[in-house]
Amino acid sequence: MPVEITWWGHATCTVSDSGTRVLTDPLFARRLAHLRRRRGAAPPPGAWRADVVLVSHLHADHLHVPSLARLAPGTRLLVPRGAPRAVPALRRLSHLRLTETAPGDTTRVADLTVRAVPARHDGRRLPVGPHRCPALGYVVEGEARTYFAGDTGLFDTMASDVGPIDVALLPVGGWGPYLGHGHLDPALAAEALVRLAPRSAVPVHFGTYWPIGMDAVRPHEFHAPGDEFARLAARRAPKVDVHLLGHGESVRLEVAR
């Protein structure tokens, strides 16, 4: 059975595997604080449907409470351990089945196993937030082993912590002209491919949101990361098939173990 990946923009993806829909870091808003969606329509209501939703960390563009509120009653929601304390609004989402998780934890959802893995990123709700929670990646294991990195920098134990994978959903940019510590740019994401050696990769977390009033500031930082990642990956990790998706586009991947 093929695995289907749909990119809705930013870090929001649907992974369909073994008849189960997995949604990552849902962000359905056209505007978030000082950010405006510059490319692609907001995900349609069909994108809100999932069997399990994975939240990688507490930053508002990844844990967006109004987007989570749109999920159907009974949807399973995995969040970093300590998230309800750090983000009290999560406790009001009583229609969701919330599970706190940490690196090494596994969760069974239908025919899938979801494994939380480490990420190197600031896990606080705000840069000065009082409660620190682990930033996570996730490996979804079914017909394929799909790694959703969330937000992360490179780290020495990445390959061993993540383990063998078939598909990597890797962040390659951001929402402003400077990424800062704990992120992957196109070159670092290509290096991650060398370490992880997946069969396929989909670049995410670029070309969606941009600060209002900054349209003229280094616009190549908004448009270019996906293409640059594909170019560098072809040189650094030529055995990896890179699928550069537009917003709302999908790719079906046949996985043979």
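Visitor: How many salt bridges does the structure hold?

Guide: Welcome! What you see is a predicted model, where local features need pLDDT of at least 70 and side-chain atom pairs count only at pLDDT 80 or more, while totals for chains, interfaces and linings use all residues. Residues are numbered from 1 along each chain as its sequence is written, and side-chain values use heavy atoms, with hydrogens and water left out.

The structure holds 8 salt bridges, each being a side-chain nitrogen of Lys or Arg within 4 Å of a carboxyl oxygen of Asp or Glu. One of them joins the side chains of Glu-4 and Arg-252, at 3.3 Å from N to O. Glu-4 belongs to strand β1 (residues 3-9) and Arg-252 to strand β17 (residues 250-253), so this pair ties together parts 248 residues apart in sequence. Helices (H or I, at least four residues) and strands (E, at least two) are DSSP runs, numbered from the N terminus.

Now to helix α4. Arg-195 and Glu-191 meet in a salt bridge, 3.1 Å from N to O. Both lie in α4, 4 residues apart, about one turn of the helix. An α-helix has 3.6 residues a turn, so residues three or four places apart point the same way. Arg-195 is partly exposed, at 32% relative accessible area, whereas Glu-191 is buried. Here buried means under 20% relative accessible area, exposed over 50% and partly exposed in between (1.4 Å probe, protein chains only).

The buried residues of α4 pack against β12 (145-148), α3 (158-162), β13 (167-171), β14 (200-204), α6 (225-236) and β16 (241-242). Just after the helix, Ala-197 takes a positive phi of about 55°.

Leu-193 also matters for counting contacts in the largest nonpolar core: of its 49 residues, Tyr-147, Leu-170 and Leu-193 touch the most other members. Such a core is a set of buried Ala, Val, Leu, Ile, Met, Phe, Trp, Tyr and Cys residues joined through side-chain atoms within 4.5 Å. Leaving aside neighbours within four places in sequence, Leu-170 is in contact (heavy atoms within 4.5 Å) with residues including Ala-189, Ala-192, Leu-193 and Leu-196.

Strand β14, one of the partners that α4 packs against, is mostly covered, with 5 of its 5 residues buried. Ser-200, Val-202 and Val-204 point one way from this strand, and Ala-201 and Pro-203 the other way. Two strands pair if DSSP finds at least two bridges between them. β14 pairs with β13 in the parallel sense over 5 bridges, where Leu-169 stands opposite Val-202. β14 also pairs with β16 in the parallel sense, over 2 bridges, and Ser-200 has Asp-241 as its bridge partner there.

Helix α6, another packing partner of α4, carries a salt bridge as well: the closest N and O atoms of Glu-228 and Arg-231 are 2.7 Å apart. Those two residues sit 3 residues apart in α6, about one turn of the helix. Glu-228 is partly exposed at 29% relative accessible area, and Arg-231 is partly exposed at 45%.
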